[in-house]
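Visitor: I would like to learn how to read this fold. Please take me through it feature by feature.

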Amino acid sequence: MKVLWGDDDPSWTAKGKEIIQKYSPETQVDIVSSGDALVEFAKQGGYTFIVTDQQYAFRKSGIEAIREIREFDPKMPIYLLSPTPLETAAKAEGAIFISKNEFIEQFQAKNEEGVYKKYFAEYLR
């Protein structure tokens with residue numbers, strides 16, 4: 001299985017990769033740091049799901065990237081990771097919202113398994 005994780009902050013990609021590989025060690029996690037790269041990698045296909053930050057430092061936002069990915073892969077499970085409440089925007093783009101604040105709280109509370117089960121386990125069985 002393969003996961004595509006996009007965020008321009010390496011600490012977020014490291015946390016995400018750590019959680020996924022701790023509970024699903026056979027899963028490959030590809031890391032990108034821009035919305036443009038997210039779209040290009042997604043076009044290559046073969047991903048079980050995609051996680052994207054809402055905002056990148058340069059050019060394309062996570063929501064813009066989701067819109068482009070939906071054009072060629074309308075059924076791909078995509079998570080939108082954001083510190084601001086964007087549940088409505090995520091749903092409008094057919095994405096699943098993950099609160100960065102909740103993610104941090106769970107990670108700091110050493111509840112990586114809870115994060116894994118809540119968001120990723122259903123796709124990585």
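Visitor: Which residues of helix 2 are buried?

Guide: Buried means under 20% relative accessible area, exposed over 50%, partly exposed in between (1.4 Å probe, protein chains only). In helix 2 (residues 35-44), the buried residues are Gly35, Asp36, Leu38, Val39 and Ala42. Helices (H or I, at least four residues) and strands (E, at least two) are DSSP runs, numbered from the N terminus. This is a predicted model: local features need pLDDT of at least 70, side-chain atom pairs count only at pLDDT 80 or more, while totals for chains, interfaces and linings use all residues. Residues are numbered from 1 along each chain as its sequence is written, and side-chain values use heavy atoms, leaving out hydrogens and water.

Visitor: Why do the buried residues of helix 2 line one face?

Guide: An α-helix has 3.6 residues a turn, so residues three or four places apart point the same way. Seen down the axis of helix 2, the buried residues fall within an arc of 160°, so they line one face. That arc is taken from the directions from the helix axis to the C-beta atoms.

Visitor: What covers the buried residues of helix 2?

Guide: Contact means heavy atoms within 4.5 Å. The cover includes strand 1, strand 2, strand 3 and helix 3 (62-72). Just after helix 2, glycine 45 takes a positive phi of about 75°.

Visitor: In what order do the strands form the sheet?

Guide: Two strands pair if DSSP finds at least two bridges between them. Here five strands form an open, parallel sheet in the order 2-1-3-4-5. Strand 2 (28-32) and strand 5 (96-99) are the edges, each pairing on one side only. Strand 1 (residues 2-6) pairs with strand 2 over five bridges. Within that pair, leucine 4 stands opposite aspartate 30.

Visitor: How many salt bridges are there?

Guide: A salt bridge is a side-chain nitrogen of Lys or Arg within 4 Å of a carboxyl oxygen of Asp or Glu. By this rule there are eight. One of them joins aspartate 7 to lysine 100, with the closest N and O atoms 3.3 Å apart. Aspartate 7 lies in the loop between strand 1 and helix 1 and lysine 100 in helix 5, so the pair ties together parts 93 residues apart in sequence. Aspartate 53 also forms a salt bridge with lysine 100, at 3.2 Å between the closest N and O atoms.

Visitor: Is lysine 100 buried or exposed?

Guide: Lysine 100 counts as buried, at 9% relative accessibility. Aspartate 7 is buried too, at 2%.
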